[in-house]
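Please read the sequence and the model side by side. The paragraphs below go from whole domains and chains down to single residues.

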Amino acid sequence: MKYLIRHLGIWAVAIALCAILPVIFSSDYAISLLSQMGIAIIFSLSYNMILGQGGMLSFGHAVYFGIGGFLAMHGINLIAGGTLPIPLELAPLIGGLGGLIVGILFGWLSTERSGTTFALISLGIGELIAASALLLPGFFGGEEGVSTDRMVENTITPFDFGQQIEVYYLIACWMLLCIVLMYLQTKTPLGRVANAVRDNPERAAFIGYNTRMVRTIQFALASFFSGIAGGLFAINYEIITAEMIGAIPSANVLMMTYIGGIGHFFGPIIGAVLVTFMQLTLSGFTHAWQLYFGLLFVSMILWAPTGLAGIIMNHEPAWKAGLMKKLIPSYTRATLAALVMFLGIMTLIEINYHLSLSIHPKDPMSLFGISFKAQSPAGWIIAIALIAVGFFFFKRGKNEVKNSWMDVHQAIKTGGK
Amino acid sequence: MSALALKLRNVRKNFGSSSIINGLNLDVIKGERQAIIGPNGAGKSTLFNLISGFYQVSGGTIEMNGHNITNLATFRINRSGLSRSFQVTNIFPQMTVFENIRCGLLWSMGYKYSFWHLCNQVRHLNEKAEEILERIRMTQRRDLPAGLLAYAEQRALEIGITIAGDAEVILLDEPTAGMSMSETERAVELIRDVTENKTLLVVEHDMSVVFDLADRISVLVYGEIIATDLPEKIRQNQEVQEAYLGKETL
């Protein structure tokens, strides 16, 4: 509690942000986007409890999200029917508890070892549950899934959840609660020892810990939060299908978390916000959005494995020393060059998408309002020229960035003396 | 005879067809500091790995304070009061020095798998950690990531983690390997200090350390203990000299 009070500032900002955002961005689209972000934030933070904190690379985290979602869905139907005497606002908790129980079971099965063994078992469990979804139509609803109507009698708030904004506020409350709990969990003995087991399981056994038990509990807690996210998904969409427990959402949460950065608590929050935003907006602009998303993911893994949070935190010393201004010019130049390069790549991708996927590939295509024929060599030449020019300046820019960093390091060192 | 902290009887260990430990017997008396010496490849580290449950024995029994601990899981052996360091430095490199020690305390102070305490709020846990830091003389380094410490400091930290759990029996595997003379001296002093009123079993190559620290010495050759005695007796033992020490060393 003392802890919460000391950090009240940050939490107050977070609460204010959650309250104000839908007022600023008040379109239906924006509010449903914000709702999705809230769910994604819980989901990816829960994923980072096992990946970042526990060092377990899971390919099946959506299982707990999905099962939580289905359970909450059935729960809401029972609430609507009056058989389950709890208010709708607590329905995500059904999902959470479901995730927890399944998480204990599968966690114990898969956490004997971390590393490859764990990753493969998680993949296997994911496939297993996804496959059994069609075998258990009573629970998973077959191909059409399970749906509900969230406008039930039993609520504790004055909301009837007929409007998206009401759902948004419910999601925001759960999200804030989950963030606080997950954050505090990193400060508990279990949270610390999960790090210890990740870094050095041998040593952890010699301070008295059963590493498998540590992993299992950590895993189960992560599954609990994942289930809550699933429960919120159920309320938000009022429908859930077996796809939500499959490989695609599992891969999605992995990428969100990784792009955001697994080494810092807030990393997955950034990742969830960014990736959800990209997925919803990019898909409206281009059919190739998954390709761009893949490019982003691969580039992050290759050149910024610490994720966005890692990049941000790398700048902390420079920021504190007031030296950011030394970095910004070279950053700007390198970024501009990278954008030119990306523009070229993008043109190539779009031309090829048009050629192979469009119904009338002979029709002219349009890119940034410029209309041209995909078959004409001009587009290709311009694209390749852009890539070449961008690449040339990017390489120069990269050196400049390196040099300005060296200056900054030097300045910090001498400033320290 | 005084009570035994460790009692190994006819312990054997094979890796495939090669036999590393051949029917080894060893007694470690409660409260003594015993050193194990022996030529390279004699099986000293293997022996440590067997006692600490890191390897499963191929035969024989290991008792600690009268309880059979043969082939128990490592964490169970640790919980029943045995702690060890490793030949290769084995710390939590990404955590701070303070966190390393505090992690070493969590289980023994009863926090186990708790996810309802906040470590920073538990005063006696943090005080105990500070106290151990003080003892291993690393208070200055408190907030540094352990991976950035100098080698000798990492070894000292490992000793700190090893003793944090308040184990009665402590196994140290070459605690001064790779240290300079002055570092070694400080390490020996530290080990002597932290193993006060505990049982210590140490593997060490540096003979000055061994003779300085040990109450008794066991000589391990080809997977068998060929002698266990007081340091001066070991020094004079003909068999030991032939097998291992060589005349010029002494």
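In this predicted model, the centres of domain 1 of chain A and domain 2 of chain A, taken over C-alpha atoms, are 34 Å apart. Domain 1 covers residues 2–299 of chain A, and domain 2 covers residues 315–416. Each of the two supplies 4 residues to the contact between them. On the domain 1 side, these residues divide into 2 nonpolar and 2 polar, with no charged residues.

Chain A also touches chain B. In this contact, 27 residues of chain A meet 31 residues of chain B. Several helices of chain A each supply at least two residues to its side: H1 (2–6), H8 (164–185), H9 (189–199), H10 (201–205) and H11 (211–237). Which helix gives the most to this side of chain A? It is H9(A), with 8 residues. Sorted by class, the side of chain A that touches chain B has 14 nonpolar, 7 polar and 6 charged residues.

One loop residue of chain A can be followed in some detail. Gly55(A) sits in the loop between helix H3 (28–53) and helix H4 (62–81) of chain A. Its C-beta position has 19 neighbours inside 10 Å, so Gly55(A) counts as partly exposed; a residue needs 20 or more to count as buried. Leaving out residues up to four places away in sequence, Gly55(A) touches Ser114(A) and Arg198(A). Gly55(A) and Asn195(A) are 140 residues apart in sequence, yet their C-alpha atoms are 7.7 Å apart in space.

Turn now to chain B as a whole. Chain B contains 9 helices and 10 strands. Its radius of gyration is 18 Å, close to the 18 Å that the globule rule gives for 250 residues, so chain B is as compact as a globular protein of that length. The C-alpha trace spans about 60 × 40 × 35 Å along the principal axes of chain B. Of its 250 residues, 45% count as buried. Among contacts in chain B with a separation of 6 or more, 66% join residues 24 or more positions apart.

H4(B) runs over residues 123–135, and its 13 residues reach 18 Å from the first C-alpha to the last, close to the 18 Å expected at 1.5 Å a residue. Which residues of H4(B) are buried? They are Ala129(B), Ile132(B) and Leu133(B). These residues cover an arc of only 105 degrees around the axis, and therefore lie on the same side of H4(B). The buried residues pack against helix H3 (97–106) and helix H5 (151–164) of chain B. The face turned away from them carries the exposed residues Arg123(B), His124(B), Glu127(B) and Glu134(B).

Just after H4(B) comes Arg137(B), with a positive phi of about 55 degrees. Most residues other than glycine have a negative phi. Arg137(B) lies in the loop between H4 and H5 of chain B, and it counts as partly exposed because it has 15 C-beta neighbours inside 10 Å.

Glu174(B) also has a positive phi, of about 45 degrees, although it is not a glycine. Its place is the loop between strand S7 (169–173) and helix H6 (181–194) of chain B. Is Glu174(B) buried or exposed? With 21 C-beta neighbours inside 10 Å, Glu174(B) counts as buried.

Technical notes. Residues are numbered from 1 along each chain as its sequence is written. Chains are lettered from A and ligands numbered from 1 in the order in which they are written. This is a predicted model: local features need pLDDT of at least 70, side-chain atom pairs count only at pLDDT 80 or more; totals for chains, interfaces and linings use all residues. Helices (H or I, at least four residues) and strands (E, at least two) are DSSP runs, numbered from the N terminus. The radius of gyration is taken over C-alpha atoms; the globule rule is 2.2 Å times the number of residues to the power 0.38. A residue is buried if 20 or more other C-beta atoms lie within 10 Å of its own, exposed if 12 or fewer, and partly exposed in between; C-beta atoms are placed from the backbone. Two residues are in contact if their C-beta atoms, placed from the backbone, lie within 7 Å. Ala, Val, Leu, Ile, Met, Phe, Trp, Tyr, Cys and Pro count as nonpolar, Asp, Glu, Lys and Arg as charged, and the others, Gly among them, as polar. Domain bounds come from an automatic or database domain assignment. The expected span of a helix is 1.5 Å times one less than its number of residues. The arc is that of the directions from the helix axis to the C-beta atoms.
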